[in-house]
Amino acid sequence: MNRNVLLVAAREFRQIAAMKSFWLTLLLVPVALAIGPLLGSSLDEEEATRVVVLDRAGGSAATALEQRFGFEEDRSVLRSLSRYVRRHGLENADPDAPWAQHDRWYTDADVLTFRQSGGVDAALAQIDKVRPDDTPEFDIPEPEYSFTPAPTALASAQGDELQSRVDALLDGGEDAPDGEAADYVLLVGEGYPADPTIRLWSNDQPRSNFVSQVQEVLTADLRQRLLADQGIPASQAAAIQGAAPAIAVTTPPPGGGAREALLIRSIVPLALSYILMLSLMLSGSWMLQGSVEERSNKLLESLLACIRPEELMQGKLLGALAVGFSMIGVWVGCAIVVAFFTQGEIADMIRPALEPVSSPTAIVAMIYFFVMGYIAVSIIFVAIGAMADSMSEAQGYLMPVLIGILLPITFLLSSLVAGKDGLLVQILTWVPLWTPFAVLARLGMGIEWWEMIGSGILLAGFVALEVVFLGRLFRASLLATGQKPGFKQLMDRFKAPA
Amino acid sequence: MSVLRVENLTKRFGDVLAVDDLSFAVQPGEIFGFLGGNGAGKTTTLRMVLDIIRPTAGRIEVLGAAPDKRKSDAIGFLPEERGLYSHMKAIETIVYFGRLKHMDPADAHSHGMELLERFDLADRAKSQIGDMSKGMAQKVQLACSLVNRPELLMLDEPFSGLDPVNQGLLEDEILRASKRGAAVIFSTHVMQHAERLCDRLLLLKKGAKRFEGTLEEARDTLPARITAVAHPAIASVDGVASAEPVEDAGDGFHRYDLRLTPGTSSEAVLEACTAKGIALRRFEEQRASLHEVFVSMVGEGEVQR
């Protein structure tokens, strides 16, 4: 490579690396990416929804509800445990246990068996005997609902007093002790079951799974009573109530579902595409600042006395590329460190996520589209830098260009995250300015080899044209300080120099 | 061999003729003044020599090669509009430009320090350009143009914006470069510097050459003026075109401004006066200054004293 190009690139790199904003961005992005999931998980509702049941019909309904919700919590734990066992291949701890069976939707009988064999604690004790040291422990999910006894003052309250006491309970806040705060209050009236009206107060829109379970439990209770009234023995009535189909379920192993697998496979390619966009915008704006400084400080003539305009342009592009690769190197390094020190699910997820980008062809494609993408967009920044005398003037040129580049990419990435591979994605793959982003992002979903090669050739042609025409614009604009070119002048600058 | 040879150089910007069929050559060790008013085509010519812009027609040879070969290792250039990277240190900047001119980094550093020493800036070598005064930054930029010991040193309006002390320093550097054999071209519209420094001059007006030659030759383009204190009969001496009385000197004598007919020397007039017995109390020849030559060729509006 030309020595002058390398000297210009090294200077550009040093100038950008000396900026505080460079280091802030370099460190803030991984910090933000790390904080994001942490914040997300801290925002996840870990506290169980507190339910107070005011049963004025004797208490049997409240008991039935509490039992049923407890039963469903156990079903949920059993399902999670089954996925954990399947993910880590721990079935040999007890091949007959329900959590070692992954081929069905767990019935009440399965949950009962699970309960009778000691529940999750007993299951984990068995699993621990065969669990390898590098397999993470099972994280018992928090129960979704907790039932707390109704405050005594509420037991006999009626009318407005009842309403105000319920309001106080619902307004109690998260930190209030049990019995003084609730998320849902359920009233089973004195007239139940003759009057089957159940009243529910909630401090928010009640969850449908709560309402449907309440409905299911109380419907069963009402039917049980009706069957008993019809003279059907309790055991027979219970059998009628308990009749349910056994649903056999075939699912892929965790992370192996079509949509889930697609998403996991697309994580790295999508992240690459996003990183390309992010680093391009950042290094491009820094480079632009440098170019504007060169013009406003009037040092272009000194530079051009030593080097060709083409060398200056290529040096700037190489400098921007080096800045981009440094940023990506640091971010990928951070990701590797995180992956190395993370056990379990994340490491398990990373393996399939790296699959689409680990073949030599994919690596070559990634590097090619990354570099070409960088050149294709950076050269626009360089040309803008050569035309603008100040940052505010540069912003005037930059804004429409940024919108033109970024908006379709935003649509593209959201389409691919949603698993859509439609017309928009196909079109963007073949428009050179967006090709790198589209191809990189599609590596996970799978892109036909002919599409990759075809769009790659088109992109190379586009970059070659950019180098010729924007190179002319760059050369012609460099010394035209203080002149705001009109459309005609701009077009003239694209023409070959005399 | 000429360090720089320009033949029939023409540059048009649309309808504007910036340089019109210009030819000249500069020899090693020569200080060549490029004189002309604003818009005369000086900077455009220098930019074409550096291949920053391309000529419409004509030929340029820098050290025997076309400008696009960019013999930057042999060229030093100080532009009229000066500026450097504000975040770079003085010595870093000089080394950077030295390396762009294909110098070894160590050589660029040592010669850069030597220049800073000479410019009384050695203690500011590691200061950022942005922290320096304008005068200091201009000296750093001069060092950038000299660091590669150029064979062709081109200075575009080098004295503009410099205080008298730094103007003296710059004159010393021009003479130093010339002594070691470099061809120095500098453009200016300040005639005093050209008079003091130039071996040869080129006067431009609207892109076209009006004169090229030595200072003496330039002065000879205007007839000499003679101040004489004599009797009115001096007006009838052969070779005297006109005798303008300026003031009465007493005793029938007047002070006259004499204009001679073309081709007549002052010596011939003096001899004729003696032959005719015309008494002279004063006979003083005043040769035209470069300023007057410049004004006569390009007009009063173009000159700056």
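Which side chains meet in a salt bridge, N to O, between chain B and chain A? I looked this up in a predicted model, in which local features need pLDDT of at least 70 and side-chain atom pairs count only at pLDDT 80 or more, while totals for chains, interfaces and linings use all residues. I kept to residues numbered from 1 along each chain as its sequence is written, chains lettered from A in the order in which they are written, and side-chain values from heavy atoms, without hydrogens and water.

Interface. I found R47(B) and E301(A) joined at 2.9 Å, the count between the two chains being 1 salt bridge (a side-chain nitrogen of Lys or Arg within 4 Å of a carboxyl oxygen of Asp or Glu). I then noted that 23 residues of chain A are in contact with 28 residues of chain B, contact meaning heavy atoms within 4.5 Å. Together the chains bury about 2,600 Å², 54% of it on carbon and sulfur atoms (accessible area, 1.4 Å probe, lost on being put together and summed over both parts).

Sheet. In chain B I traced an open sheet of 4 strands in the order β11-β12-β10-β13, with antiparallel pairing; strands here are DSSP E runs of at least two residues, helices H or I runs of at least four, and two strands pair if DSSP finds at least two bridges between them. Its edge strands are β11 (240-250) and β13 (280-286), each pairing on one side only. Strands β10 (225-230) and β12 (253-260) of chain B pair over 6 bridges, and R225(B) stands opposite R259(B) in β12(B).

Conventions: Buried area is the accessible area (1.4 Å probe) that two parts lose on being put together, summed over both.
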